[in-house]
Amino acid sequence: MKMLVMNSFWTTIVLLIGFSFIVGARPLQPRATSKPFSVITTHSTSPIHFASLATKKNDGNIYVAFNSNLTFYIEDGYLKVEGSNNIVYVDPFTYAVKYSLEPPCGAITKTWDLGSIYLELDNEANGIACPITSGYQFYWAADGSNLTNICGIGVEGIGAGTVYSYVAELTSETSSVTSTTTTTSAAVISSSGCSEVSKPFDVVAVHSGSDIQYSPLSINSDGNIYFGAEQDITTYIDGGYLKIYGTNQVIYVDATTREIKYANTPPIQDVYVTWSLSGNSVLLNGQANAMACKTDKGYQVYWASTNPETICNGNGIGADLYYTFVSTPSSCPSTTASETATTATHSKTTVVENVAKATVSLLPPNLLIPAKEAEPSKVFGTQFTGTVVRDTAGSDVITFVSFDIPPLSSNEVSSCHLLWTAPSKGSFPSTITGSKKVNVYALKTVIDESTLSWNSRPARGSFVGTFDATNGVFTHSSVQCKFGEKQQFELVGEGSKDEVSWFQTWNPLTGFNYLLLA
């Protein structure tokens with residue numbers, strides 16, 4: 001099948017792609033302004049039973065304590081602090097409950113309501129009390145995360161019922177929270193009204209030809225950071241601090257050993273600011289000095305700001321830290337808990353801007369799994385990179401790709417396409433040699449990630465098309481839209497000596513994706 005040559009209309013679409021997330025929840029109808037009320041936490045036999053929501057030193061956080069000083073009211077679905085103009089919100093990254101005159105971008109600010117007994121957010125009461133040095137801080141399981149995930153790795157939280165009771169109205173003079181609060185403890189509000197909090201991102205090691213090439217940043221629950229360990233992590237930058245997404249853990253450099261570690265409260269003498277994103281790299285104080293040391297638990301990450309020859313006895317592997325965003329919150333809208341629960345997940349459906357009067361949806365792959373002829377029984381699992389090798393010497397590599405198609409309809413989507421975007425100059429490392437052409441096949445059987453290998457690969461179905469990996473952009477004429485199902489494909493080199501490898505990312509848009517047109 002001949003490759004479809006792109007016209008200017010398609011080129012315009014791809015060049016102007018911008019991302020925002022589809023959400024399936026219907027907005028709730030907020031109540032009118034409520035009478036003022038206080039909230040007590042309930043959990044029988046626990047240390048927080050019959051405690052109250054409180055503040056400490058106007059630091060922007062809400063705590064669970066027995067000396068309550070907070071009264072609230074609800075206005076148009078927003079939870080507000082009585083006697084001030086502060087809005088209560090759930091931090092979209094840590095799920096801490098906070099307050100501010102100007103909540104940060106993507107914060108969960110509504111819809112709050114009063115149920116028969118409990119204060120609720122989107123019809124659910126999901127309060128959690130997380131232990132801290134001086135008591136308990138209040139969190140909210142907005143996406144259904146369990147108690148351990150919310151409070152931090154290895155830290156058990158306490159489910160907290162949020163029972164409300166009406167109180168006499170307060171005046172601004174008696175309120176304990178001042179209306180001058182313009183910052184929270186976790187983020188600074190910029191002049192645009194958006195918090196200086198980055199979107200969440202994944203990080204991989206880049207050192208061509210090494211054992212750690214493209215290994216993700218990860219942990220082993222021992223307080224240290226690794227490449228390619230037991231549990232991959234997603235991170236974000238909050239006011240210069242690098243944090244583990246979905247927890248309250250701060251990543252820092254041990255000032256003595258230079259190990260990169262994580263903790264709820266790093267030791268004061270250690271280095272934990274200022275992290276930043278520049279180009280494709282994650283930097284600390286403007287520098288990229290990561291090194292990997294091989295241990296019995298995997299490759300542990302160090303920061304060689306000085307004397308790198310002393311780390312790992314001189315056997316360390318230098319590594320650039322490359323990042324890719326995993327969600328793209330919009331500018332600064334009101335955000336509901338159901339919206340954040342959707343946007344905080346990898347590989348969710350995204351919607352691109354209306355270009356040339358065509359609304360387009362772009363889906364990244366949920367799975368990108370290689371199978372290697374030279375290692376026929378090895379199960380590789382899903383990867384950050386795609387690789388296709390055609391070699392008559394018995395070293396072929398094929399890649400299987402899976403997309404979860406959203407439950408739309410033909411009234412919303414007129415056609416579906418496969419989209420290849422070649423790696424751009426100066427972006428992530430890639431290889432394109434030989435004929436540079438890749439054949440695409442549909443699959444007859446479903447991918448099983450846990451068993452897929454060269455010897456147990458799914459059955460190949462019909463031929464779909466061929467693309468030239470060097471071509472800037474390619475879309476196949478169309479594929480059948482299977483709404484609400486998985487669509488899976490096999491990528492195979494066409495020539496006798498081909499190699500195509502790429503880092504799958506959408507910033508910049510690179511690799512093999514699925515396109516839906518309205």
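Trainee: Of the contacts in the protein chain with a separation of 6 or more, what share comes from residues 24 or more positions apart?
Mentor: That share is 67%. Keep in mind that this is a predicted model.

Trainee: Okay. How many helices and strands does the protein chain have?
Mentor: There are three helices and 40 strands.

Trainee: And what part of the chain is buried?
Mentor: Buried residues make up 55% of the total of 518.

Trainee: What about the accessible surface of the protein chain?
Mentor: The figure is about 22,300 Å². Carbon and sulfur atoms hold 48% of that area.

Trainee: Switching topic. How many cavities of 30 Å³ or more turn up?
Mentor: A search of the whole structure gives three.

Trainee: Which residues line the largest cavity?
Mentor: Among them are Phe201, Val203, Leu217, Ile225, Thr235 and Trp275. Ile251, Ile260 and Leu321 are also part of the lining.

Trainee: How does that lining divide into nonpolar, polar and charged?
Mentor: Ten would be the word for nonpolar: the lining has 10 nonpolar residues, one polar and no charged.

Trainee: Now the cysteines. How many disulfides are there?
Mentor: The count is two.

Trainee: Is the link of Cys293 and Cys312 left-handed or right-handed?
Mentor: Left-handed, with -75 degrees about the S-S bond.

Trainee: Is Cys293 buried or exposed?
Mentor: Cys293 counts as buried, at 5% relative accessibility.

Trainee: And where is the other disulfide?
Mentor: That disulfide joins Cys416 to Cys481, with S to S at 1.9 Å. Cys416 sits in strand β32, residues 415-421. Cys481 sits in the loop between β36 (473-475) and β37 (486-493), so this pair ties together parts that are 65 residues apart in sequence.

Trainee: Why is the disulfide of Cys416 and Cys481 called right-handed?
Mentor: Because the torsion about its S-S bond is about 120 degrees.

Trainee: How covered are its two ends, Cys416 and Cys481?
Mentor: Cys416 is buried, with a relative accessible area of 0%. Cys481 is partly exposed, at 22%.

Trainee: Let's do the backbone. Where is there a cis peptide bond?
Mentor: The bond joining Lys110 and Thr111 is cis, with omega of about 15 degrees. Thr111 lies in the loop between β8 (97-100) and β9 (112-114).

Trainee: I also flagged Asp76. What is its phi?
Mentor: Asp76 has a positive phi of about 55 degrees, although it is not a glycine. You'll find Asp76 in the loop between β5 (72-75) and β6 (78-81). Asp76 is partly exposed, with a relative accessible area of 47%.

Trainee: And what about the phi of Asp122?
Mentor: Asp122 has a positive phi too, about 50 degrees, and is not a glycine. Asp122 falls in the loop between β10 (119-121) and β11 (127-132).

Trainee: Is Asp122 buried or exposed?
Mentor: Buried, with a relative accessible area of 16%. The cut-off explains the call, because buried means under 20%.

Note on methods
Residues numbered from 1 in each chain as written. Predicted model: local features only at pLDDT ≥ 70, side-chain atom pairs only at ≥ 80, totals over all residues. Heavy atoms only, no water. Helix = DSSP H or I, 4+ residues; strand = E, 2+ residues; numbered from the N terminus. Buried < 20%, exposed > 50% of the residue type's maximum accessible area, 1.4 Å probe, protein only. Contact = heavy atoms within 4.5 Å. Areas by Shrake-Rupley, 256 points an atom, 1.4 Å probe, with all protein chains shown as cover. 1 Å grid on protein atoms, 1.4 Å probe; cavity = no way out; pocket = protein on both sides within 12 Å on 5 of 7 lines; lining within 4 Å. Points joined across faces, edges and corners; volume = space filled by probe spheres on them. Nonpolar A, V, L, I, M, F, W, Y, C, P; charged D, E, K, R; others polar. Disulfide = S-S within 2.5 Å.
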